[in-house]
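Subject: Structure handover

Hello,

Here is the structure I said I would pass on. Please open it first; my notes come after it.

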Amino acid sequence: MVLLEPYFGANHLAMAFVDSATLIVVCFPSIYFLLIKPMVRDLFAKAEAERALSEVRASNEFLRQDAEERSRAEALERTKADARIQFQARILAVVQQAVVATGKGGVILYWNRFAEWMFGWTEEEVRNQTLAKVTGFTSEAASTGLSGFGAVKGWTGEVKAIRRDGSSFPAYLTCSTIWRGDGSVAGFVYTFMDITERKSAEAAIRDSEEKYSTVVENSPTGIFIYRNGRLEFANQRFFQMVGRSQLDLAAMDVADIIHPDDWAMVREMWRRRLAGTGATQDYECRILHSGGETRWISGRTALIRYGGEFALLGNIQDITERHKAEQALRDSRETLHRLSARLMSAQESERQRVARELHDSIGQSLSAVKFMVERALDEQAAHGPDSPQARSLRAVVPVIQSSVEEVRRISMALRPTTLDDLGLLATIAWFTREFQVTYPHMEVERLIEIEEFEVPENLKTNIFRIMQEAMNNAAKYSQASRVTVALRQVLGDLQLVVGDNGVGFNPAEARRNTTAGGFGLASMRERAELFGGSLILTSSPGEGTMIIARWALSEEPTS
């Protein structure tokens with residue numbers, strides 16, 4: 001550096017800078033190796049040590065947290081296990097069955113509260129006692145595994161148990177094995193259920209079934225169960241009615257029992273009953289006896305469940321004799337109707353004949369007598385009109401005239417000639433006029449809304465007679481001030497209406513007392529029904545009376 005001073009002169013700053021640089025260049029390797037490199041190595045080692053320490057700390061923290069998590073999980077599991085154990089213990093304590101746990105040798109280890117209630121022993125009193133000794137099982141039960149031996153596969157059954165007070169009761173027992181982790185038997189769990197009520201119910205059911213079987217087999221009606229198109233059951237009376245035996249039930253086809261003309265009706269009704277569509281319960285049909293005889297039965301069905309499926313419980317009663325009696329009654333009524341029709345026809349014919357005889361014979365004879373008397377009076381006029389003979393003859397003339405009119409009245413009452421000559425409508429008009437004259441205190445209202453040709457010929461006489469009887473009854477009993485007669489066509493029916501505003505009456509009493517007008521009502525009803533019609537009577541005290549007779553014009557009248 002002294003050698004270089006002349007080159008710098010007074011520039012000391014430059015010379016200092018060069019001196020420093022020279023010093024650094026000369027000293028730096030020494031400083032690097034002696035000072036900087038060891039210091040850098042120490043710093044790097046320190047950094048590595050701190051990094052390793054951080055990793056160790058992080059690892060320790062992770063291990064600590066993992067240990068804490070495991071501890072918390074184990075604590076939670078222990079809590080859950082404790083809760084589960086407590087819950088199971090509470091279940092065993094409150095379960096409505098006696099639960100008993102024993103060791104492999106049958107010594108009681110657990111005895112729940114219901115077992116205390118059932119047997120009368122507390123858990124402290126039975127602990128270390130054998131189950132067979134406490135509950136009093138028989139040797140036969142013990143031999144099946146109830147004492148704890150031989151019940152490895154479990155056991156269930158009914159046993160006779162004994163309470164602390166010595167009373168016995170039937171119990172249903174279930175025995176299950178408790179296994180150790182190594183597969184060996186640790187003990188057994190027994191559950192007891194008191195089945196006293198069930199046994200009583202079973203006995204009651206057996207008694208009921210016996211009574212039911214007795215009732216069914218001795219029933220006077222045939223009883224059967226119908227399901228899936230087959231007869232599943234039938235009692236003895238049913239087999240007697242169809243002429244078959246119990247052995248024929250499996251091969252029995254219902255279609256072979258019921259008459260072919262009735263089978264479609266019965267099958268459809270049974271189908272609707274099984275479908276729940278509201279078919280009728282009662283029916284009548286014919287069945288075929290195995291001997292070839294056809295018999296009538298009355299049946300009734302009810303929807304039941306049989307074997308888990310819907311079925312029909314039916315009973316049938318033989319009504320052949322009743323049906324024969326009803327048919328005989330119908331035949332008798334038909335015969336009576338025919339006789340009644342003939343009687344009425346004969347009566348009308350006789351009335352017509354008598355009326356004609358009265359009109360043509362007696363009426364003409366009286367008219368002839370009247371004519372001869374009047375002629376004799378004319379002849380006597382020449383000898384003096386005031387002679388005794390003339391006066392006597394003049395007195396006879398009104399009597400003869402009155403007799404002629406009475407004969408005409410009787411003739412018209414028996415059979416109005418207008419009915420045959422002029423028709424029904426003219427006869428109704430004539431009769432209502434005569435009725436008004438005979439009963440002037442009663443107003444007659446006539447409503448004719450039909451033409452003569454619309455009334456069948458065979459109904460005209462009956463319509464007139466019903467109207468005549470109804471109006472005469474009104475005049476006798478109703479105390480009415482007005483009577484209405486209507487003849488019209490309503491909805492295809494010919495309708496006759498006779499009504500009054502009188503005192504009315506109770507129709508039921510009139511039917512019971514035929515002497516008070518009941519025979520007249522029966523006669524009108526008979527006349528209406530003879531030709532396929534009907535008669536309706538409506539009346540009540542104080543409300544007047546109305547009689548409606550109707551005939552269907554669209555149907556052929558019967559005679």
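Helices (H or I, at least four residues) and strands (E, at least two) are DSSP runs, numbered from the N terminus. This is a predicted model, in which local features need pLDDT of at least 70, side-chain atom pairs count only at pLDDT 80 or more, and totals for chains, interfaces and linings use all residues. Residues are numbered from 1 along each chain as its sequence is written, and side-chain values use heavy atoms, with hydrogens and water left out.

The whole protein

The protein has 17 helices and 15 strands. Of its 559 residues, 31% are buried, where buried means under 20% relative accessible area, exposed means over 50%, and partly exposed lies in between (1.4 Å probe, protein chains only). A contact means heavy atoms within 4.5 Å. Among the contacts with a separation of 6 or more, 51% are between residues 24 or more positions apart.

The sheet with E1 to E5

Two strands pair if DSSP finds at least two bridges between them. Five strands form an open sheet in the order E2-E1-E5-E4-E3, with antiparallel pairing. Strand E2 (108-111) and strand E3 (155-162) are at the edges and have a single partner strand each, so one side of each has no neighbour in the sheet. On average, and ignoring direction, neighbouring strands here are turned by 30° against each other. For such angles, axes are lines fitted to C-alpha atoms (for helices, over the stretch in contact), and the angles run from 0 to 180 degrees between N-to-C directions.

Strand E1 (residues 98-103) runs antiparallel to strand E5 (residues 185-194), and six bridges join them. Ala98 has Phe192 as its bridge partner in E5. E3 and E4 are also antiparallel, with eight bridges; Glu158 has Tyr172 of E4 as its bridge partner. These two strands, E3 and E4, form a hairpin with five residues between them, and Gly166 in the turn has a positive phi of about 95°. Helix H7 (residues 196-217) lies across E3, strand E4 (168-179) and E5, and runs at about 125° to E4.

The sheet with E6 to E10

Another open sheet has five strands in the order E7-E6-E10-E9-E8, and its pairing is antiparallel. E7 and strand E8 (282-288) are the edge strands, each pairing on one side only. Neighbouring strands of this sheet are turned by 35° against each other on average, direction ignored. Strand E9 (residues 294-306) and strand E10 (residues 309-318) run antiparallel and are joined by 10 bridges. Ile297 stands opposite Asp318 in E10. Helix H10 (residues 260-275) lies across E6, E8, E9 and E10, at about 140° to E8.

Leaving aside neighbours within four places in sequence, Arg227 is in contact with Glu232, Tyr306, Gly307, Glu309, Phe310 and Ala311. Arg227 and Glu309 are 82 residues apart in sequence, and their C-alpha atoms are 8.2 Å apart in space.

Asn228 is found in the loop between E6 and strand E7 (230-234). Asn228 counts as exposed, at 59% relative accessibility. Its phi is near 55°, a positive value in a residue other than glycine.

Helices H14 and H15

Two packed helices are described by the angle between their axes and the distance between the axes. For helix H14 (residues 424-438) and helix H15 (residues 457-478), the axes come within 10 Å and cross at roughly 15°. That makes H14 roughly parallel to H15, since angles under 35 degrees count as roughly parallel, over 145 as roughly antiparallel, 65 to 115 as roughly perpendicular and the rest as oblique. Residues making the contact include Leu424, Ile428 and Phe435 of H14, and Ile463, Met467 and Ala475 of H15.

Gln479 is found in the loop between H15 and strand E12 (482-490). Gln479 is exposed, with a relative accessible area of 68%, and has a positive phi of about 55° although it is not a glycine.

A residue in H17

Ala522 is found in helix H17 (residues 518-530). Ala522 is partly exposed, with a relative accessible area of 42%.

Regards
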